[in-house]
Amino acid sequence: MSSFVIVIFGGTGNLAQHKLFPALYSLFAKGKLGKKFYIVSFSRRKFSDEDYRKLLRDEWGLTGSRNTNWEAFVKNIYYSQGYFDDISGYKELNKRLNVFDNEVGACITRLFYLATPPDKYLSILNKLKESKLAEGCGQGSEKWTRLAIEKPFGKDLESSIELDKTLADIFEEKQIYRVDHYLAKETVQNMLAFRFANGIFEPIWNKKYIDHVQITFAEKKGIAGRGSFFDGIGILRDVAQNHLLQLLAAITMEAPKSFSRESVRDARAAAIKAIRAIAPENVYKQVVRAQYEGYRNEKGVAPNSMTETFVAMQLFVDTWRFKGVPFYIRAGKKMAENIVEIKLVFIQTCHVLFKEYGCPEIGNVLTIRIQPNEGIRMRVVVKRPDSKLSLDTVDMKFTYNEVFGEHIDESYEKLLLDIFSGDQMLFNRSDELASSWQLISQIMEGWKKQASSSLSVYTPGTWGPKDADELIGQDGKKWIS
C-alpha cells in the first residue's frame, strides 16, 4: 500500500477509541497498512504525542506490558490539538502534514475521518476548506484527498441536503466516503452471492413465493452513556434511516448490471427509492414508537424526553418483485437479545397429501443472521420420527466460523482498506441518502402531529411494546424470535 496519512477528527471519542484505532492496529498486525503511514488524532484536549499514545495504551490495557506489534504501531501515531471551529488548530495541522510530505518526498494521500458528533460536521468541513487542508499538498486535491463521514448524515431531509451541498462544494463525489459500517459486514455482502449465484433461490425471490419479510435489530444495552448524543436523535434516525434500510435494500435490489462500484450502488439506490412513502396522516397505522422504562433517568436525557428507543414499521416496496409483500422492521435498545437478522417467510402451501395430518403454522423461513454468529439458516418441514405421520420444522444452517474456520475481517477494517484503495462500493451515495431521508422525514412529520400518548413504554429485557405485536398481528402474522 502507498504511503498515507489519516487524520481522525474526534480522536479522543468513542468511535476512534473503540472502532478506528483497533481496526488500524489489526490491519497493521496483518501487514496491510504498508511501510510508511501516519495517524493523526485531532481533538480539543491538550496532549503531546507521547501522552496520547499512553492514553491509547491504557485504554487497551497494555500498561506495563511489552507488545512488539504495539510498539511498532504506536510510532506512527501523532496528536494535534485544536478546536473544531477555530482555524488556528487547522493551520498547525497543515504544517504537520506538510512535514510528512517532506519526509516521504512526495504528496501522500490524506484521509480526513470525521469521527465526531454530527453537529460538528459543518464546522470541520468549512475549516478544512478555509485552511486549504482539503486541497492536499496542492497537486490535484481529487487525487490526494479523501473524506470519510459517519452516519447519521443529517437529522432530517433538510439538514441532509445542507450537508450534501457543503460536501459537494469542497470535494468531488469520488472523494467522499459516507460510512455505514453495516454495508461492510460479510453477511450483508454475501447476500448478492447468495441470491444471484444460487439458481434455486433467485426464481422464488419474489411476491409469488414470499409471504412477508421481518428485519430485527435488537440490542440488550441501553444508550450506554450516549444520552447527550442519542436524546433528540432517536433510534429511527440512528439505526433505521441507515442500517435497516440498507438491509432492506440488500434483500429487494435487482441484480446489478455488473459487480462494479456504480452498478451495485445504482441497484441499491433504486431499491431504496422504491420503498413506498408513508403519508404523515397514516404514520400511526404503520409505525410504532416506544421508549424503554427508565430511559428518562439516563445521564444526558431530558426528564420529559419524547425520544424513541424502539421503532417498528410496516413498509412496502413498489417493484414488480415485491409489490404487495409487507416488510416488518423493528429496532430497539434494552431488548431481550443482541441480534440483527433478516427473515424471509415463504408462503405456507401445505400439500393436499398432508391436510388431514396438519402442517406447521409457519413453514419455510430463510434467516440471514448479521450478528452474532454470522450465517444463514433455512427452516424446512420434515416428518417427525414416529410411527404416526406428523410434521415439524427443522433448521439447516451454516455459520462462517464453522465452515471457514477463520476470522472474518471486522467491518471497519474492510471499510478502511476500501477507502485507502479508492473503492466506494460499500459507501452511501447522495441519492441513496435523499430517498431514505424522504421516507424518514415523513414519519417524523407524522409523529409531530400525534399526541404524546403515541409514545409507548416497554419493559427492559423484552421484545418491545405490545403495540409492535399488534402492528404485525393486524395482518394475521407474528414476530418470529
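## The parallel sheet

I8 stands opposite Y113 in β4. The model is predicted. Strand β1 covers residues 4-9, and strand β4 covers residues 109-114. The two strands run parallel and are joined by six bridges. In general, strands of a sheet pair through backbone hydrogen bonds, either parallel or antiparallel.

β1 and β4 belong to an open sheet of six strands. The strand order is β3-β2-β1-β4-β5-β6, and the pairing is parallel. The edges are β3 (77-81) and β6 (176-179), each of which pairs on one side only. On average, neighbouring strands of this sheet are turned by 20° against each other, direction ignored.

Helix α1 (residues 14-29) lies across this part of the fold. The strands that α1 lies across are β1, β2 (37-43), β3, β4 and β5 (145-150). Relative to β1, helix α1 runs at about 165°.

## Helix α10 against α15

Helix α10 spans residues 234-252, and helix α15 spans residues 430-449. Their axes come within 11 Å and cross at roughly 135°. The pair α10 and α15 is therefore oblique. The crossing of α10 past α15 is right-handed.

Which residues make the contact? From α10 come L236, R237, Q241, L245 and Q246. From α15 come E432, L433, S436, W437, L439, I440, I443, M444 and W447. By class, the contact of α10 with α15 holds nine nonpolar, three polar and two charged residues.

## Helix α10 against α11

Helix α11 covers residues 261-273. α10 and α11 pack at an angle of about 110°, and their axes are 9 Å apart. That angle makes α10 roughly perpendicular to α11, because angles of 65 to 115 degrees count as such.

On the α10 side, the contact uses L245, Q246, A249 and T252. On the α11 side, it uses R268, A271 and I272. The contact of α10 with α11 divides into four nonpolar, two polar and one charged residues. L245 and Q246 of α10 take part here, and L245 and Q246 also take part in the contact with α15.

## Helix α10 against α8

Helix α8 consists of residues 186-196. α8 and α10 pack at an angle of about 10°, with axes 9 Å apart. The two helices α8 and α10 are therefore roughly parallel to each other. α8 passes α10 in a right-handed crossing.

Contact residues on α8 are V188, M191 and R195. Those on α10 are L247, A250, I251 and T252. The contact of α8 with α10 has five nonpolar, one polar and one charged residues. T252 of α10 touches α8 in this contact, and T252 is also listed in the contact with α11.

## Salt bridges

How many salt bridges does the structure hold? The count is 30. One of them joins D266 to R429. The closest N and O atoms of D266 and R429 are 2.8 Å apart.

This pair links distant parts of the chain. D266 sits in α11, while R429 sits in the loop between α14 (411-421) and α15. The two residues are 163 residues apart.

## Backbone exceptions

Most residues other than glycine have a negative phi, and most peptide bonds are trans. Three sites in loops deserve a look.

A cis peptide bond joins K151 and P152, with omega about 0°. P152 lies in the loop between β5 and α7 (157-170). Another cis peptide bond joins Q371 and P372, where omega is about -15°. P372 is in the loop between β12 (365-371) and β13 (375-383). K334 has a phi near 55°, a positive value in a residue other than glycine. K334 is placed in the loop between β10 (326-332) and β11 (339-346).

Terms used
Residues numbered from 1 in each chain as written. Predicted model: local features only at pLDDT ≥ 70, side-chain atom pairs only at ≥ 80, totals over all residues. Heavy atoms only, no water. Axes fitted to C-alpha atoms, helices over the stretch in contact; angles between N-to-C directions. Helix = DSSP H or I, 4+ residues; strand = E, 2+ residues; numbered from the N terminus. Parallel < 35°, antiparallel > 145°, perpendicular 65-115°, else oblique. Left-handed = near helix turned anticlockwise from the far one by under 90°. Contact = heavy atoms within 4.5 Å. Nonpolar A, V, L, I, M, F, W, Y, C, P; charged D, E, K, R; others polar. Pairing = 2+ DSSP bridges. Salt bridge = Lys/Arg side-chain N within 4 Å of Asp/Glu carboxyl O.
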